[in-house]
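Visitor: I'd like to learn how to read a few features of a structure. Could you walk me through one?

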Amino acid sequence: MDAGSAGFFLIHLDGTVTSSAALAGQLSAAGGPGAPAARIPLNKAFGLNAEQELQFGKWLDLVGKRHRDMRWDKLAPLAPVQEIWSGRKEDEGPVRLAYRKLEDGNGNLIAIAVFAIDTAPSRAMVRQLEEERERHKLEIRDVLALAANPPETVGAFLEDARMRLEGARREWERFLASRARAGENQPGLWQGSVAKSESVAESVGTAESISADESAGQRLFRELHMVKGNAGAFGFESLAAGAQESEDLLEALKHPTAGSERTSSRLTASLAGLRMQLDELIRAMKLIAGEGQDAMTRILKWKLDRLVAGSAELDPARLEPPLRAVIEATRKLPFLSPAYLARKYGNLVERIAHNLGKQVNFRVTSNTGDVHPESFSRVDEALVHILRNMVDHGIESPAEREAAGKGEAEIGFEYVAEEDRIFLRIRDDGRGMDPAVIADRGVALGLLSRADADALDDVGKLGLIFLERFTTRQEADMVSGRGLGLALAARCVSDRGGNLYVYSRPGEGTRFAIELPPLGQKKLP
Amino acid sequence: MDKTVVIVDDSKFQTMQLGRFFADVMGFKVAATGENGEEAVEMYRAHKPDLITMDLTMPKLDGRGALSLIMKEFPDARVLVISAVKGPLLLECLAIGAKSYVEKPLRFDKDDFVRDFKATVAEILQSP
């Protein structure tokens, strides 16, 4: 049998075979059935050796005796030939044989039908699915890498990579152009520099200085290698893989062969592909950088949309479990780990503290592993005011802390999701506030009468700091500078249907708590 | 009355697995278990079970040998070959008279395997 052709055969009980081609010939013969379709011996039809022929005979015998009392599912797998490889390559897969019994109305066996199924198309489909899945995985890793690194750092990396890839592309085009001019006389890609002055002048944009003695290949390799290493370090695995591919192609060109021409054009395509991948990442970054507090949610949604669009042609129910899990995971992406909070607000705290010559440890705790960005980005403004205030005014200078016998300052951030509300608690271990002093300030500012002030308990007195006119411009005492910021924080929280609380005692630090309605609701119960 | 089964396999673990499945899932009474072909023949004589399961590669007397002795003495014996061996030997056993076969490994954790196992046993019990 020609293994390349899928087809249909009949095995007769006497061990001879009729091919579908012969059957078709018989059926199409003009003027009714012509001569019976030609029968050929089994061994010829299937290319069997003597032993296989013997076993096939035994199998046919068994089928003849047992087809009534043994399920066909049990008999068919025992047929000695299940697949045919002759003349096929590994990646084409075999031609599979499927056996069916043909019976007459009384359950008598007439013949055995054999369907030869070419597995190449289905293997190609499986391969395509696998590639698709790999691509999805890489895209998801991109998202995670974007989320896991501070935007400034990622931005710097992307810019660096852009310049390097631009340099690499120019280097490669220059080489191709000069090869086109000089033909065979052109020094090889990996041999000494061709046009030193030219290459130096044009390569100003690349991030590293050019050594004039390097070959074009070396320069290209170095740029690609840097991009690959940095991309890998940031977790941009698809970019790293792309750079690796270009590197490999470049490496292959070290020893020119007959296939070099093809390798060259593959390298051109690979470099262009790298550039496209990078542009994609840069676009994503711009979304983050340009959109303020909800940027992370936006970028994740954007990426998610693309993933879903990309998989629109696939029916999720038909996907293999691992791929389905990956897609499910992307659906959950808008939920971030609490570590994201540490990164986002920790960076802010560190920056403010640094400017003020202070050192503050920022610690995040949470009662859940999934933090919804919206639950804190909607009060982002309040959080920023509170944290700024704490670092600026709550936390003492290092000298002051040392005199008070305190160690390194700490600001704690706690995210507590309850069924019907969300708490964001922020506490410092700084100098704290004295309710009496706050009350006095309020009276002095004319915000309330002495009698009213005295009637307030400590919490009420401390609450005065959220009033808009509670601003003092006097120099450092326990309340100075706790000005408009906290009033804005209070307004931001109340605009979101939440409450802002403060509690403090002199010398023992300050605690703020933001109480918010759960996601999707405007009011606290 | 419960159907009876004799299980013969040189792996004690597999015998135990099979015994448990026959007893707990299929409602059989496990009449005896053996670990070689000689025991298979003796136990068949002693118990005349509704079904005997037979491994093929076993010490002393192998499954094929035991099968042909049993078939000679008890032409109506219902023998189920349970083996990892496929190909000519299995064809031969079926030609000698084994009613059907189940391929090892035993995957009682897999629905497909369990379905096939039950169907195969049911099919054998239907035969005269």
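Visitor: Let's start at the surface: is B:Lys60 buried or exposed?

Guide: B:Lys60 is exposed, with a relative accessible area of 68%; buried means under 20% relative accessible area, exposed over 50%, and partly exposed in between, with a 1.4 Å probe and protein chains only. Before we go on, some ground rules: this is a predicted model, where local features need pLDDT of at least 70, side-chain atom pairs count only at pLDDT 80 or more, and totals for chains, interfaces and linings use all residues. Residues are numbered from 1 along each chain as its sequence is written, chains are lettered from A and ligands numbered from 1 in the order in which they are written, and side-chain values use heavy atoms, with hydrogens and water left out.

Visitor: Where does B:Lys60 lie?

Guide: In the loop between β3 and α3 of chain B. Helices (H or I, at least four residues) and strands (E, at least two) are DSSP runs, numbered from the N terminus. B:Lys60 also has a positive phi of about 65°, although it is not a glycine. B:Lys48 is another non-glycine residue with a positive phi, near 45°, and its place is in the loop between α2 and β3 (51–54) of chain B.

Visitor: Which residues does a cis peptide bond join?

Guide: B:Lys104 and B:Pro105, with omega about 5°. Look for B:Pro105 in the loop between β5 (100–103) and α5 of chain B.

Visitor: Now aromatics. What describes a pair of aromatic rings?

Guide: The distance of the centres and the angle of the planes. Here, rings of Phe, Tyr and Trp (its six-membered ring) pair if their centres lie within 6.5 Å; planes under 30 degrees apart count as stacked, over 60 as edge-to-face and the rest as tilted. By that rule there are 17 aromatic pairs over all chains. One of them is the tilted pair of A:Trp59 and A:Trp72, at 6.3 Å centre to centre with 55° between the planes.

Visitor: Which parts does that pair tie together?

Guide: A:Trp59 lies in helix α3 (residues 50–66) of chain A and A:Trp72 in helix α4 (residues 72–75) of chain A, so the pair links parts that are 13 residues apart in sequence. Both A:Trp59 and A:Trp72 are buried. Now compare chain B, where B:Phe113 and B:Phe117 form a tilted pair, 6.0 Å centre to centre and 40° between the planes. These two both lie in helix α5 (residues 111–126) of chain B, four residues apart, about one turn of the helix. B:Phe113 is buried at a relative accessible area of 13%, and B:Phe117 is buried at 0%.

Visitor: On to helix packing. At roughly what angle do the axes of α2 and α3 of chain B cross?

Guide: Roughly 20°, with the axes of α2 (residues 37–47) and α3 (residues 63–73) coming within 9 Å. Axes are lines fitted to C-alpha atoms, for helices over the stretch in contact, and angles run from 0 to 180 degrees between N-to-C directions. So α2(B) is roughly parallel to α3(B); angles under 35 degrees count as roughly parallel, over 145 as roughly antiparallel, 65 to 115 as roughly perpendicular and the rest as oblique. Residues that meet there include B:Ala40 and B:Tyr44 in α2(B) and B:Leu69 and B:Ile70 in α3(B), where contact means heavy atoms within 4.5 Å.

Visitor: How do α3(B) and α4(B) compare in direction: roughly parallel or roughly antiparallel?

Guide: Roughly parallel, as their axes come within 10 Å and cross at roughly 10°. Among the residues making the contact are B:Leu67 and B:Met71 of α3(B) and B:Leu89 and B:Ile96 of α4(B).
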